[in-house]
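Subject: Structure handover

Hello,

Please find the structure below. My notes on it follow.

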Amino acid sequence: MLGKLRQNYKAEKLMSNKNLPFTFEEILNIAEQFGTPFHIYDEAAIRANAHRLIKAFAWNSGFKQYFAVKATPNPTIMEILKEEGFGMDCSSLPELLLSEQIGVTDEHIMFTSNDTPVEEFVKARELGAVINIDDITHIDFLEQSAGLPELVCCRYNPGQLKDGNAIIGNPEDAKYGFTRKQLSEGYHRLKEKGVRRFGLHTMVASNELNPQYFVETAEILFNTVVELARELDITFEFVNIGGGIGIPYRPEESAVDLEQVAEGVERAYQQRLIGEGHPALKLFMECGRMVTGPYGYLVTRVRHIKETYKRFAGLDACMADLMRPALYGAYHHISVPGKTKLPAETRYDVTGSLCENNDKFAIDRMLPELEPGDLLVIHDAGAHGHAMGFQYNGKLRSAELLFKPDRSVEMIRRAESVEDYFATLNF
Ligand SMILES: *Cc1c(COP(=O)(O)O)cnc(C)c1O
């Protein structure tokens, strides 16, 4: 009974609040100064969350979280995370160059790529990054193109696990990673080639809200490490449990309890790894979404209200600024800062101006009655938001702003201009 009560209390506490970090006054001023639309990131909240993640895993003395750069590839955000102790998880040449530019090199970079071109392996080697190999054929490819580093990690795709891990979904269809058999063969070959330092990685889910999922992923990796160590007489230096921690996009969803995940992983570490005689190893993660997602907002104005068979609120932002609703049918909460006290009794499709009918941030969303000029804030746009932008239909990507702990605002990426759009053309 008490346990249940406590659980309810905890769930309530964790239930995502969709409050805004800035006052209506503040966001009005920011919108006036910089013009809409823009993405704005809450630095204090990003730092607090990063700190919390690292603290939760402090039981592991080698713990490192590598920020998945693709989530928010902005050097100012990356520098903030570097200051909080994060490394960078890169998967392309430009992401490697971004990391280099903010002074993150060597084993503070995890290079997790697939279908990798030669020049990316060469750059990753030059920077001294930890190289996470996606396929068994890449062992020879890496050796011939850039040379094998002393530390190598292989990416595991657990496929259809014997004990039917329902929540892993269907990794067999995923293009990533080695099969279990290929892992044995791969590490054996690496050992023969003189590699002495080893890591093991997997990443098989995305936007997962069940804390137990991450514990089970860690269990699979610890078990596999113990098997491989015995089979090949090697020891592992780290295990990378990947990213994929989800965020509560919907108000009724709860955030993943990081402390609960960390405790569960520690228990598995003690039982499955240390208890089985493998020496201590470092635990790595490479989260993106949960690091910045809830702390970034797309701020936009209503441009037109249109009434036909439905009621439409047309914004000055479009799917080029935030693709997730169009791409995945994803829910993003919408606040109307000046109208928070008014009843949400009017039904809208909230649209952009792109000539695609799926350019809608929300369908049949109940909102306060809107009029042209109203400011709207679209929540949880801080990861895989601006980053997924594109220029289809001549839509230009918006600016990125940083809302600092002292409540001042800095532009950390300007909006694209028509000149940027023409820059690649040969006029
Ligand atoms: C995308 C990606 C991540 C980050 O995923 P999130 O869902 O943003 O945490 C981590 N690692 C790899 C290899 C990825 O491709």
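Which residue in β5 is the bridge partner of Thr112? In β5, Thr112 is bridged to Asn132. Some background comes before the rest. This is a predicted model, in which local features need pLDDT of at least 70 and side-chain atom pairs count only at pLDDT 80 or more, while totals for chains, interfaces and linings use all residues. Residues are numbered from 1 along each chain as its sequence is written, and side-chain values use heavy atoms, with hydrogens and water left out.

The barrel

A closed barrel of eight strands has the order β2-β3-β4-β5-β6-β7-β8-β9, and its pairing is parallel. From one strand to the next, the twist averages 25°. Strands here (E, at least two residues) and helices (H or I, at least four) are DSSP runs, numbered from the N terminus. Two strands are said to pair if DSSP finds at least two bridges between them. In general, strands of a sheet pair through backbone hydrogen bonds, either parallel or antiparallel.

Strand β4 (residues 109-112) runs parallel to β5, and three bridges join them. On to β6: strand β5 (residues 130-133) and strand β6 (residues 151-155) are also parallel and are joined by three bridges. There, Ile131 has Val152 in β6 as its bridge partner.

Burial in these strands comes next. Buried means under 20% relative accessible area, exposed means over 50%, and partly exposed is in between (1.4 Å probe, protein chains only). In β5 both faces are covered, with Val130 and Asn132 on one side, Ile131 and Ile133 on the other, and all of them buried. β6 is mostly covered, and five of its five residues are buried. Leu151, Cys153 and Arg155 point one way from β6, whereas Val152 and Cys154 point the other way.

Helix α8 (residues 180-192) lies across β6, β7 (197-201) and β8 (236-240). The helix runs at about 160° to β7. For such angles, axes are lines fitted to C-alpha atoms, for helices over the stretch in contact, and the angles run from 0 to 180 degrees between N-to-C directions.

Helix pairs

Two helix pairs are described here. Helix α3 (residues 43-56) packs against helix α4 (residues 75-83) at an angle of about 40°, and their axes are 10 Å apart. α3 and α4 are therefore oblique to each other. The classes are roughly parallel for angles under 35 degrees, roughly antiparallel for those over 145, roughly perpendicular for 65 to 115, and oblique for the rest. The crossing of α3 and α4 is right-handed; a crossing is right-handed if the near helix is turned clockwise from the far one by less than a right angle, and left-handed if anticlockwise.

On the α3 side, Glu43, Ile46, Arg47 and Ala50 meet Ile77, Ile80, Leu81 and Glu83 of α4. The residues of this contact are five nonpolar, no polar and three charged. Contact means heavy atoms within 4.5 Å. Ala, Val, Leu, Ile, Met, Phe, Trp, Tyr, Cys and Pro count as nonpolar, Asp, Glu, Lys and Arg as charged, and the others, Gly among them, as polar.

The second pair is helix α9 (residues 211-232) and α10, whose axes come within 9 Å and cross at roughly 20°. α9 and α10 are therefore roughly parallel to each other, and their crossing is right-handed. The residues of the contact of α9 with α10 comprise 12 nonpolar, three polar and two charged.

Leu258 is in helix α10 (residues 258-274). Why does Leu258 count as buried? Its relative accessibility is 3%, so Leu258 is classed as buried. Leaving aside residues up to four places away in sequence, Leu258 touches Asn49, Arg52, Leu53, Ala56, Ile245 and Met290. Pro211 is 47 residues from Leu258 along the chain, and their C-alpha atoms are separated by 7.6 Å.

Backbone details

Thr36 and Pro37 are joined by a cis peptide bond, with omega about -5°. Pro37 is in the loop between α2 (24-34) and β1 (38-42).

Asp106 is not a glycine, yet has a positive phi of about 50°. Asp106 sits in the loop between α5 (93-101) and β4, and at 42% relative accessibility it counts as partly exposed.

His384, also a residue other than glycine, has a positive phi near 55°. The loop between β15 (375-378) and β16 (399-403) holds His384, which at 11% relative accessibility counts as buried.

Regards
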